[in-house]
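Please take a moment to look at the structure, and then I shall go through it step by step.

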Amino acid sequence: MTGYMYILECSDGSYYTGSTKYLKKRLQQHQNGEGANHTKKRLPVTLLYYEKYNRIDTAFYREKQIQGWSRAKKEALMRGDIDTLPGLSMAYRDKGASRTSAPD
């Protein structure tokens, strides 16, 4: 059965990532305050992005993957800026770190 992974923007500017079999119905549930606790406290919500999959379990897996991403990485995905995604996965402490050896 078809599944969707989606990203909503809440009224406070936060993002919510979810998955569902029925995207239109789920969005209406969120707008009616019948969705997740995060969204029901931050209405209204706006659909910013979604991906369609042949199976709901694949959409759910993708949801869990993206939930762990930084805001910057989610925004790059939504912009379609795929080339920047790997760099946005780096740990902050590793960015700009030198890989050279100390002199003897």
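Let me begin with the elements: helices (H or I, at least four residues) and strands (E, at least two) are DSSP runs, numbered from the N terminus. What we have here is a predicted model, in which local features need pLDDT of at least 70 and side-chain atom pairs count only at pLDDT 80 or more, while totals for chains, interfaces and linings use all residues. Residues are numbered from 1 along each chain as its sequence is written, and side-chain values use heavy atoms, with hydrogens and water left out.

How many helices and strands does the protein have? There are 4 helices and 3 strands, and from the N terminus on they follow the order β-β-α-α-β-α-α.

I turn to the sheet. Two strands pair if DSSP finds at least two bridges between them. The 3 strands form an open sheet in the order β2-β1-β3, with antiparallel pairing. Its edge strands are β2 (15-20) and β3, each of which pairs on one side only. From one strand to the next, the twist averages 20°. Strand β1 (residues 3-9) is joined to the antiparallel β2 by 6 bridges; Tyr4, for instance, has Thr20 in β2 as its bridge partner.

Which helix packs on the sheet at about 30° to β1? Helix α3 (residues 56-67) does, touching β1, β2 and β3. A contact here means heavy atoms within 4.5 Å. Angles run from 0 to 180 degrees between N-to-C directions, and axes are lines fitted to C-alpha atoms, for helices over the stretch in contact. Helix α4 (residues 71-79) also lies across β1, β2 and β3, running at about 60° to β2.

One local detail deserves attention. Leu43 and Pro44 are joined by a cis peptide bond, with omega about -5°. Pro44 is placed in the loop between α2 (37-40) and β3 (46-53).

Of the 104 residues of the protein, 34% are buried, that is, under 20% relative accessible area with a 1.4 Å probe, counting protein chains only.

Finally, confidence. The predictor's confidence in each residue is pLDDT, from 0 to 100. The protein averages 88, and 86% of the residues score at least 70. Over residues 97-104, pLDDT stays under 50, and the model has 1 contact beyond four places in sequence for them. Where pLDDT is low, the predicted coordinates should not be read in detail.

Notes:
Buried means under 20% relative accessible area, exposed over 50%, partly exposed in between (1.4 Å probe, protein chains only).
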